[in-house]
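Reader: I am new to this structure. Could you take me through it one step at a time?

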Amino acid sequence: MKKLRKTVFCLIILLLLLQFYSPEKNIGESNLNVLFSETNAPESVQIIIKTSCTDCHSNLTTYPWYNNITPLNIWLNDHIEEGKSHLNFSVWNDYSLKRKAHKLEEIIEEVQEGEMPLNSYTWIHKDAILTADELSSLVSWAKSNQMKYELIMGFEDHD
Ligand code: HEC
């Protein structure tokens with residue numbers, strides 16, 4: 001019993017000490033205007049992306065209160081870093097045509113399969129859950145732009 005108490009005490013001290021550590025925050029420029037204007041994103045699609053995706057797929061995250069708690073912040077930071085490395089809407093301008101078309105194709109796949117937004121996210125952010133209408137407007141926006149980028153690529157190939 002004494003040993004257990006000691007272990008619990010040590011764990012509490014460790015958790016308290018951990019609170020001094022927190023990963024660097026993702027609070028840069030969201031810079032979504034290039035994406036939105038280049039893809040002619042309707043207002044409704046802009047709202048969907050801002051509500052359901054950009055916390056993990058842009059340079060600006062709106063953090064929940066529990067991000068002040070270590071190790072929750074480490075876990076959130078992992079999702080953000082990984083999400084951004086796969087797809088970052090803030091740097092749309094830097095993507096090649098091929099990459100843009102491919103990312104749009106992946107967006108369609110991920111949302112249709114219900115993989116995105118992540119379950120762990122929608123568990124807390126209920127408003128990020130895509131309704132049937134939201135899903136179909138996001139997919140049709142992505143599809144038409146994927147086609148657009150592929151068409152431009154085709155033209156460039158024949159130059
Ligand atoms: C809580 C964070 C989070 C949210 C919110 C989120 N994603 Fe993701 N996303 C990730 C992570 C982490 C990965 C990489 C690991 C994986 O595929 O599960 C990822 C991967 C992806 C990929 C795959 C890209 C590739 O190169 O394979 C696409 C596409 C994507 N997300 C689209 C979206 C869209 C669209 C939304 C909004 C409807 C969204 N995500 C919301 C965290 C998130």
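Reader: Which residues coordinate the iron atom of the ligand?

Author: The iron atom of the ligand is coordinated by H57 through NE2 and by M116 through SD, at 2.0 to 2.3 Å. Donors here are N, O and S atoms within 2.8 Å of the metal (3.2 Å for Na, K and Ca), and water is not among the atoms, so sites may look incomplete. H57 lies in helix α4 and M116 in the loop between α6 and α7 (119-122), so the pair ties together parts that are 59 residues apart in sequence. Helices are DSSP runs of H or I with at least four residues, numbered from the N terminus.

Reader: Where do these values come from, and how are residues numbered?

Author: This is a predicted model, in which local features need pLDDT of at least 70 and side-chain atom pairs count only at pLDDT 80 or more, while totals for chains, interfaces and linings use all residues. Residues are numbered from 1 along each chain as its sequence is written, and side-chain values use heavy atoms, with hydrogens and water left out.

Reader: Back to the ligand: which residues come nearest?

Author: C53, C56, H57, K103 and M116 come nearest, out of 18 residues around the ligand. A residue belongs there if one of its heavy atoms lies within 4 Å of the molecule.

Reader: And which helix supplies the largest share of that shell?

Author: Helix α6 does, with five residues. At least two residues each come from α4 (54-57), α5 (72-86) and α6 (97-112).

Reader: Which polar side-chain atoms lie by an oxygen atom of the ligand?

Author: A polar side-chain atom of K103 lies 2.7 Å from a ligand oxygen atom. For E106 the distance is 2.9 Å, and for H86 it is 3.4 Å.

Reader: What is the phi of N31?

Author: Phi of N31 is near 45 degrees, a positive value in a residue other than glycine. N31 lies in the loop between α1 (2-18) and α2 (33-38). Most residues other than glycine have a negative phi.

Notes: Polar contact = N/O pair within 3.5 Å; in protein donor to acceptor, adjacent residues only side chain to side chain.
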